[in-house]
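Here is a short note for someone opening this entry for the first time. Please read it with the structure in view.

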Amino acid sequence: VLDAALEDVGLDRADVRITNCVRCRPPENRDPSTEELDNCRGYLDAEVARVDPELVVTLGKVPSQHLLGRDVAVTKEAGELFDARIGDASRRLLVCVHPAATLYDRSQEETFETTIRRAAELVGVTEGDGGQSRLGDY
């Protein structure tokens, strides 16, 4: 789902940096606890600082709430742009529903696709431009 949405806006998976708020998946695929998120935050902050993205797009509730530091109604707030403190910098953050949500709830497809399209527009990517090619082999 994510690959197809990226392709639709002129991006390839290799053009974007995909990461996670935690470094390993919690048992039984549950959402990470606050403690687990906090334990991994330094790694995430360092990674984001090193990549220095023009835009951070959260995919789902967990990263949205973790990076914004508040409850997030992802479905209602999808497509909204916020300033988020990540490490020592303020970053533009775009809330997005998780791509898997579109598989369980087809009504989320348009919201997801619209948000990914908005992300590409916010960073000035037009079809065929590519994305974060400045990262090289990072």
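## Notes on the predicted model

1. **Aromatic rings.** This is a predicted model. It holds zero aromatic pairs.

2. **Overall layout.** The chain has six helices and three strands. Along the sequence they run α-α-β-α-α-β-β-α-α. The C-alpha atoms fill a box of roughly 40 × 35 × 25 Å along the principal axes.

3. **Burial and contacts.** Of the 138 residues, 40% count as buried. Take the contacts between residues at least 6 apart in sequence: 59% of these join residues at least 24 apart.

4. **The nonpolar core.** How many residues does the largest nonpolar core have? It has 28. The residues with the most contacts inside it are L67, L68, I86, L93, V95, F112 and I116. Several elements each supply at least two residues of this core: α1 (2–8), α2 (34–51), α3 (61–68), β2 (81–86), β3 (89–96) and α6 (109–122). The most comes from α2, with four residues.

5. **I116 in detail.** Which residues does I116 touch, not counting those up to four places away in sequence? They are L2, A5, L6, V9 and C96. I116 is also one of the core residues with the most contacts.

6. **Helix α3.** This helix is mostly covered, with six of its eight residues buried. The buried ones are V62, P63, S64, H66, L67 and L68. Of these, L67 and L68 are also named among the residues with the most contacts inside the core. What covers the buried residues of α3 includes the helices α2 and α4 (74–77). The cover also includes the strands β1 (56–59), β2 and β3. Just after α3 comes G69, with a positive phi of about 70 degrees.

7. **Cysteines.** The count of disulfides is zero. C21 is in no disulfide: the nearest cysteine sulfur, that of C40, is 9.0 Å away. A disulfide would need the two sulfur atoms within 2.5 Å. Is C21 buried or exposed? C21 is buried, because its relative accessible area is 6%, and buried means under 20%. C24 is in no disulfide either; the nearest cysteine sulfur, again that of C40, is 6.1 Å away. C24 counts as exposed, because its relative accessibility is 59% and the cut-off for exposed is over 50%.

8. **A buried loop residue.** Where is Q108 found? It is in the loop between α5 (101–104) and α6. Q108 counts as buried, because its relative accessibility is 9%. Which residues is Q108 in contact with, leaving aside its neighbours within four places in sequence? They are T75, V97, A101 and T102.

Definitions and conventions:
Residues are numbered from 1 along each chain as its sequence is written. This is a predicted model: local features need pLDDT of at least 70, side-chain atom pairs count only at pLDDT 80 or more; totals for chains, interfaces and linings use all residues. Side-chain values use heavy atoms; hydrogens and water are left out. Rings of Phe, Tyr and Trp (its six-membered ring) pair if their centres lie within 6.5 Å; planes under 30 degrees apart count as stacked, over 60 as edge-to-face and the rest as tilted. A nonpolar core is a set of buried Ala, Val, Leu, Ile, Met, Phe, Trp, Tyr and Cys residues joined through side-chain atoms within 4.5 Å. Buried means under 20% relative accessible area, exposed over 50%, partly exposed in between (1.4 Å probe, protein chains only). Contact means heavy atoms within 4.5 Å.
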